[in-house]
Amino acid sequence: MKAKTADKIATGFIYAISGIVALILFAMLSFILVRGVPHLSWHFLTSPARAFEAGGGVGVQLFNSFYLLILAMVISFPIALGAAIYLNEYAKKNYFTAIVRTAIEILSSLPSVVVGLFGFLLFVVQFKLGFSILSGAIALTLFNLPLLTRSIETSLAQIPDLQREAGSALGLSRWETVLHVILPAAVPSIVTGVVLSAGRVFGEAAALIYTAGQSAPALNFGDWNPFNISSPLNPMRPAETLAVHIWKINSEGIMPDVNAVSAGASAVLIIVVLLFNFSARKLGTKLYKKLTSS
Amino acid sequence: MTDKQEKTILSTRDVRLWYGQKEALHGIDLDFPNKGITALIGPSGSGKTTYLRALNRMHDLEDGVTVTGSFNFNGTDIYAPTTDTVDLRKRIGMVFQQPNPFPFSIYENVIFGLRLDGVKDKAVLDEAVERSLKQASVWDEVKDDLHKSALGLSGGQQQRVSIARVLAMSPELLLLDEPTSALDPISSRNIEETLLKLREDYAMIIVTHSMSQASRISDRTAFFLSGDLIEVDQTKHIFLNPQKQETQDYVSGRFG
């Protein structure tokens with residue numbers, strides 16, 4: 001009887017704690033969405049920001065965020081994939097592997113503002129890349145690489161050793177086993193990890209303030225030549241992202257509708273991140289179904 | 001003597017194996033004929049699976065395992081530095097305790113090895129799929145679902161697809177590591193019937209915990225105990241008239 005009472009109390013306690021966590025998230029999300037969603041309109045999502053007058057939007061910032069995200073992913077995914085394959089499939093337990101693992105752990109716990117300042121000193125100043133999308137993408141890569149490597153490594157580790165043995169026993173080399181058995185089997189979970197990390201990268205601000213810059217020059221969306229300065233694709237132009245924009249207008253915005261813009265931009269950011277999170281799971285399950293019954 | 005050598009597909013002498021410093025096999029001498037089933041029996045930890053996995057160098061995948069002794073497989077020295085393990089494992093197929101189909105369709109599973117070998121001709125692949133699945137006695141059950149996932153099959157069907165996947169590579173020798181121990185009795189019986197059919201054409205070595213299984217399907221039986229080979233003979237001799245006291249004790253169920 002006593003054990004039963006204790007069990008009830010403990011269970012209730014755990015339920016309460018989980019409930020509080022869910023409640024906090026729900027309260028934060030609804031606060032941001034209730035404040036921001038009324039300000040959203042097609043005009044807000046597509047027009048450039050205005051520094052001194054009301055009626056500006058976040059179109060350029062939104063585009064910058066996605067463009068930076070894609071560039072950062074294009075750079076970091078192959079590196080993370082290679083590192084994860086090495087760590088999970090090839091690495092023996094030795095001194096070198098231990099150093100690599102520790103390095104990844106430390107890199108993943110670096111505050112993003114430190115990554116940003118490092119990027120500023122090295123890429124922006126030393127390599128003379130300036131405040132540019134490229135500098136920002138490299139800084140985001142540094143920020144993203146350890147997390148992505150970890151997540152891909154976990155995906156690979158989930159594939160049972162039975163599959164590796166089956167591959168070897170069929171006369172596959174280790175590389176063939178990785179390429180034709182392990183990777184295809186891990187694709188759904190890898191994709192889920194990539195999309196989730198995309199959500200994190202999309203909301204990152206501190207690493208970008210000093211690398212991609214805090215200004216968003218007007219873009220000519222009719223000009224897709226990446227070498228023209230006003231082209232949206234030019235990787236050498238400064239590019240304030242949505243998250244940086246929110247930070248900036250809240251600290252020094254002087255437009256009359258600064259509160260509305262800030263609330264709207266925050267809502268957009270949250271909605272996109274939520275979309276990433278929900279689609280990650282959907283996409284993973286869908287891919288798994290497709291791949292396993294080709 | 002010449003006659004006997006023609007019939008031997010694999011001959012091992014003084015096989016010793018160490019996990020780190022610990023010797024797990026203490027010098028095994030065993031020959032296998034090129035047709036029929038040899039069963040390896042013995043209690044857990046007797047070294048029968050360890051010995052089996054040494055035959056296609058599966059221990060290469062683990063750290064700290066040392067193997068010595070001579071292995072003559074149809075003229076190939078299995079552990080010679082020049083022996084290509086990839087090629088070797090194509091000639092010595094292996095079926096595991098747990099069915100382990102790849103997460104692809106049944107069709108892709110069976111032709112997996114052939115495809116990697118560069119076979120592209122659809123007619124050849126189709127033929128190999130049908131032949132292998134028929135040999136593994138699972139064709140009638142899956143022929144309408146060849147392009148569905150192999151993971152959707154029952155455990156027994158998955159195991160027979162795993163066997164078909166190995167047979168598609170046309171191996172010279174088949175190693176089976178307790179292939180029915182994870183299956184229900186009906187599926188086990190299906191696998192046993194499959195093996196009995198295959199024994200006309202293939203040399204097979206099966207590790208089994210079940211003495212009744214060994215007596216039902218094998219031609220010869222080898223009894224392992226604590227890393228030693230105690231006795232090897234015709235299966236009926238091992239079960240009815242063993243020469244060693246340990247074998248007598250084990251097959252009569254007095255220990256193990």
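The crossing of helix 8 of chain B and helix 9 of chain B is right-handed, a crossing being left-handed if the near helix is turned anticlockwise from the far one by less than a right angle, and right-handed if clockwise. Helices (H or I, at least four residues) and strands (E, at least two) are DSSP runs, numbered from the N terminus. This is a predicted model, in which local features need pLDDT of at least 70 and side-chain atom pairs count only at pLDDT 80 or more, while totals for chains, interfaces and linings use all residues. Residues are numbered from 1 along each chain as its sequence is written, and chains are lettered from A and ligands numbered from 1 in the order in which they are written.

The axes of helix 8 (residues 155-167) and helix 9 (residues 185-198) of chain B come within 9 Å and cross at roughly 20°, where axes are lines fitted to C-alpha atoms, for helices over the stretch in contact, and angles run from 0 to 180 degrees between N-to-C directions. That angle makes helix 8 of chain B roughly parallel to helix 9 of chain B, because angles under 35 degrees count as roughly parallel, over 145 as roughly antiparallel, 65 to 115 as roughly perpendicular and the rest as oblique. On the side of helix 8 of chain B, Gly155(B), Gly156(B), Gln159(B), Arg160(B) and Ile163(B) meet Ser187(B), Asn190(B), Ile191(B) and Thr194(B) of helix 9 of chain B, two residues being in contact if their C-beta atoms, placed from the backbone, lie within 7 Å. The residues of this contact divide into two nonpolar, six polar and one charged; here Ala, Val, Leu, Ile, Met, Phe, Trp, Tyr, Cys and Pro count as nonpolar, Asp, Glu, Lys and Arg as charged, and the others, Gly among them, as polar.

Chain B has another open sheet, in which four strands are arranged in the order 2-1-4-5 with antiparallel pairing. Strand 2 (22-33) and strand 5 (76-77) of chain B are the edge strands, each pairing on one side only. Strand 1 (residues 8-19) and strand 4 (residues 65-73) of chain B run antiparallel and are joined by eight bridges, and Thr12(B) stands opposite Phe71(B) in strand 4 of chain B.

From the record, the UniProt annotation "domain: ABC transporter" (unreviewed entry) covers residues 10-251 of chain B; UniProt positions are given in the numbering used here, feature names are shortened, and annotations may be inferred rather than shown by experiment. Over those residues, chain B is 37% helix and 27% strand, and the end C-alpha atoms are 26 Å apart.

Chain A has 11 helices and zero strands, and its C-alpha atoms fill a box of roughly 70 × 65 × 40 Å, taken along the principal axes. UniProt (unreviewed entry) lists several spans of chain A as "transmembrane region", among them residues 99-123 and 178-198. Residues 99-123 of chain A are 92% helix and 0% strand, with end C-alpha atoms 25 Å apart, and residues 178-198 of chain A are 100% helix and 0% strand, with end C-alpha atoms 25 Å apart.

Where do the two chains touch? In all, 19 residues of chain A are in contact with 25 residues of chain B. The elements that give two or more residues to the chain A side are helix 7 (161-169), helix 8 (174-202) and helix 11 (258-292) of chain A, and helix 7 of chain A gives the most, with six residues. By class, that side has eight nonpolar, eight polar and three charged residues.

Conventions. Two strands pair if DSSP finds at least two bridges between them.
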